[in-house]
Amino acid sequence: MAKTKTTFFCQNCGTQYAKWLGQCKSCNEWNTIVEEVIQKEEKRKWKQTTTVKKASKALKINDISISAEDRISTENNELNRVLGGGLVRGSMLLLGGEPGIGKSTLLLQIALAIPKKVLYVSGEESQSQIKMRAERLQTGNTNCLILTETNTQHIFRAIEEIQPDVLVIDSIQTLHTDYIEASPGSISQIRETTAELIKYAKETSTPVLLIGHITKDGAIAGPKILEHMVDVVLQFEGDRNHTYRILRANKNRFGSTAELGIYEMQSFGLREVDNPSEILISQKEDDLSGTAIAATLEGMRPLMIEVQALVSTAVYGTPQRSATGYDTKRLNMLLAVLEKRAGFRLGAKDVFLNIAGGIRVDDPAIDLAVISAILSSNDDDAIPQDFCFAAEIGLAGEIRPVNRVEQRILEAEKLGFHKIFVSKFNKIGSAKFKIKIVKVTKVEDIYANLFA
Ligand code: TYD
Ligand code: MG
């Protein structure tokens with residue numbers, strides 16, 4: 001029996017070393033050298049009885065059949081939407097997110113909801129801790145088995161006995177395989193254990209859901225290759241101090257990455273939010289200056305969100321500009337446009353911008369709502385609550401059209417708005433809308449319309 005051999009490689013340039021070094025001598029990068037297995041003690045197996053694998057045969061594309069059974073519904077509409085219809089058999093899913101955001105809660109909830117035999121393996125919490133969490137979730141699937149284990153060889157032994165339909169691993173950073181010396185969470189351990197799990201998933205057509213920790217700058221901890229190895233990468237995000245959570249697909253081999261799911265963290269777990277617009281707009285009695293509603297799209301879903309701005313005279317010499325949930329660079333650009341193209345004096349003002357509900361928006365169609373909120377706060381003149389906006393602003397101060405404007409208008413109408421401001425260049429079909437559509441071309445137009 002051959003002994004396991006390991007060696008060290010630089011992750012950056014691939015140079016091989018006999019021992020670990022802090023800095024690669026060849027490319028001078030620090031902390032890029034990791035241990036890798038080059039030969040194993042025995043063939044890595046996830047089960048004892050491996051049959052000789054037949055070489056796969058090429059098939060005509062028309063002869064390949066896809067059965068409806070290829071997707072397992074998660075019994076969770078938001079997750080199904082993000083996945084593009086459910087879990088694909090034999091696929092690997094990686095769920096990343098900040099600590100405490102609710103990754104374990106989400107996957108435990110899914111594990112308890114799927115009417116299949118689910119094995120939930122946790123390396124982070126004890127069985128009784130998971131049971132306590134499950135009690136709070138109040139969903140009763142007796143087909144869910146809980147295992148506390150971090151060694152993959154032991155996990156595979158349990159799998160062989162249980163033969164689960166779905167496997168959940170919390171988290172990949174806690175696993176280790178006997179074949180590598182490195183400690184759990186190190187790059188080579190993550191790579192090896194993921195490779196073992198992928199082999200298991202593909203050979204048995206079992207979907208595997210992995211939880212992954214993220215690093216300080218928001219990337220999934222471990223080698224970038226991890227994201228290439230898995231089929232689906234989901235990101236669970238939100239502000240820990242707010243109750244809303246957003247589930248996005250960063251990569252999806254079986255569906256679109258444009259979809260997103262919205263949840264609310266409650267005392268009994270995560271609640272699916274079917275109508276997000278209603279919750280993202282703050283409730284208030286009087287018209288307040290500095291707020292404007294934008295009709296945005298997140299994926300295929302229209303979403304009405306509230307933009308809040310506060311403009312005040314700068315106390316210190318240099319005015320502050322800060323944005324929460326919105327790109328600060330883009331805010332600076334919009335302020336420059338207001339200053340240069342429309343003559344508003346904001347140079348000596350502090351400007352703060354906030355997207356209500358603790359979510360982050362990248363849709364450029366929110367621009368018009370941003371400048372309207374800024375102008376409203378600057379003049380201390382409120383925008384009526386039943387007005388909303390959907391347009392992008394160009395560098396020349398022109399108001400530009402946005403995609404799928406009709407869908408946005410329809411959502412605004414459905415939620416009872418009476419007026420929507422869009423670009424004059426947006427072609428709106430013959431459909432008859434009850435809501436009043438105001439078409440604008442320049443930043444000055446919007447000012448004249450709202451405050452003059
Ligand atoms: P958790 O799933 O442990 O986060 P992660 O696995 O991403 O680190 O979620 C922890 C947070 O969720 C914790 O701060 C408490 C909160 N929570 C609720 O508000 N309600 C609940 O029913 C549960 C189970 C958790
Ligand atoms: Mg957790």
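Two strands are taken to pair if DSSP finds at least two bridges between them, and strands (E, at least two residues) and helices (H or I, at least four residues) are DSSP runs numbered from the N terminus. This is a predicted model, in which local features need pLDDT of at least 70, side-chain atom pairs count only at pLDDT 80 or more, and totals for chains, interfaces and linings use all residues. Residues are numbered from 1 along each chain as its sequence is written, and side-chain values use heavy atoms, with hydrogens and water left out.

**View 1. Strands S11 and S12 in the sheet.** Strand S11 (residues 232–237) runs antiparallel to strand S12 (residues 244–252), and six bridges join the two. Within this pair, valine 232 has asparagine 252 of S12 opposite.

View 2. Nine strands, in the order S8-S7-S9-S10-S6-S11-S12-S13-S14, make up an open sheet with mixed pairing. Strand S8 (144–148) and strand S14 (269–272) each have a single partner strand, so one side of each is left without a neighbour in the sheet. From one strand to the next, the twist averages 25 degrees.

View 3. Helix H4 (residues 152–162) lies across strand S7 (118–122), S8 and strand S9 (166–170), at about 165 degrees to S7, where angles run from 0 to 180 degrees between N-to-C directions and axes are lines fitted to C-alpha atoms, for helices over the stretch in contact, contact meaning heavy atoms within 4.5 Å. Helix H5 (residues 187–204) packs on the sheet and touches strand S6 (92–97), S9 and strand S10 (208–212), its direction making about 160 degrees with that of S10.

Notes. Chains lettered and ligands numbered in written order.
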